[in-house]
Amino acid sequence: MSTTQPLVLAAELAAAWSDIQAHHQDLPDLASPEALIGESSSACGTRLGFERLLHEAAHGLAAARDIRDTSRAGRYHNRRFLLLASEIGLAHPVEPHASSGFSQVTMLTETQERYAITIERLDRALGAHQLAVAGEGAHRAFRGPAARHGSSGGGVRVKAVCGCGRNVRVVPSVLAQASIVCGACQQPFRIA
């Protein structure tokens, strides 16, 4: 796969996020568009696209407003998420799913119309990215069962160990953002 392809897709994801921010002033910046490319999260949907970006934007509004919109380790989307999703322009099922709540949201027609140009741009970038990934064929690396079946927590977790030997499971991209320090020995956790 071309090394520029993920960069192009990340740039388009960031541009699409900026378009959403133009309509929702308190939506925080997207910290890492690259994380969305490889991430698979069954509760939020495994297919990357504008609808998924809107779903993540609803979570972004929840974070900005200090609203707890999920439970069960982020799998169950509650009625507070439902209100934020509606504000973003997503429709929702009448009844919650037993394990994921109101996570299965879909774009409203007026939302599709509002973001038509953005959706078209992102779809082109996603299509080019998928073609590049499909061209890898046998060169793909095995990422384990969480990558194949979807992870409810936002990525494949690895074991990280501190100075006194305690360990935690963490998504590497989270650990790369900032150190996680052990409360017992005050040493940072490092991937084993």
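Me: What does buried mean here, and which residues of α6 are buried?

Reply: Buried means under 20% relative accessible area, exposed over 50%, and partly exposed in between, with a 1.4 Å probe and protein chains only. In α6, the buried residues are Thr118, Ile119, Leu122, Ala125, Leu126 and His129. Seen down the axis of α6, they fall within an arc of 135° (taken from the directions from the helix axis to the C-beta atoms), so they line one face of the helix. The face turned away from that buried side carries the exposed residues Ile117, Arg124 and Leu131.

This is a predicted model: local features need pLDDT of at least 70, side-chain atom pairs count only at pLDDT 80 or more, and totals for chains, interfaces and linings use all residues. Residues are numbered from 1 along each chain as its sequence is written, and side-chain values use heavy atoms, leaving out hydrogens and water.

Me: What span does α6 reach from its first C-alpha to its last?

Reply: Helices are DSSP runs (H or I, at least four residues), numbered from the N terminus. The expected span is 1.5 Å times one less than the number of residues. Helix α6, residues 116-134, has 19 residues and reaches 26 Å, close to the expected 27 Å.

Me: Which side chain is joined to that of Gln21 by a polar contact?

Reply: A polar contact is a pair of N or O atoms within 3.5 Å; within protein, one must be able to donate a hydrogen and the other to accept it, and residues adjacent in sequence count only if both atoms are side-chain atoms. The side chain of Gln21 is joined to that of Asp29 at 2.9 Å. Gln21 belongs to helix α1, residues 4-23, and is buried at 16% relative accessible area.

Technical notes
Helix = DSSP H or I, 4+ residues; strand = E, 2+ residues; numbered from the N terminus.
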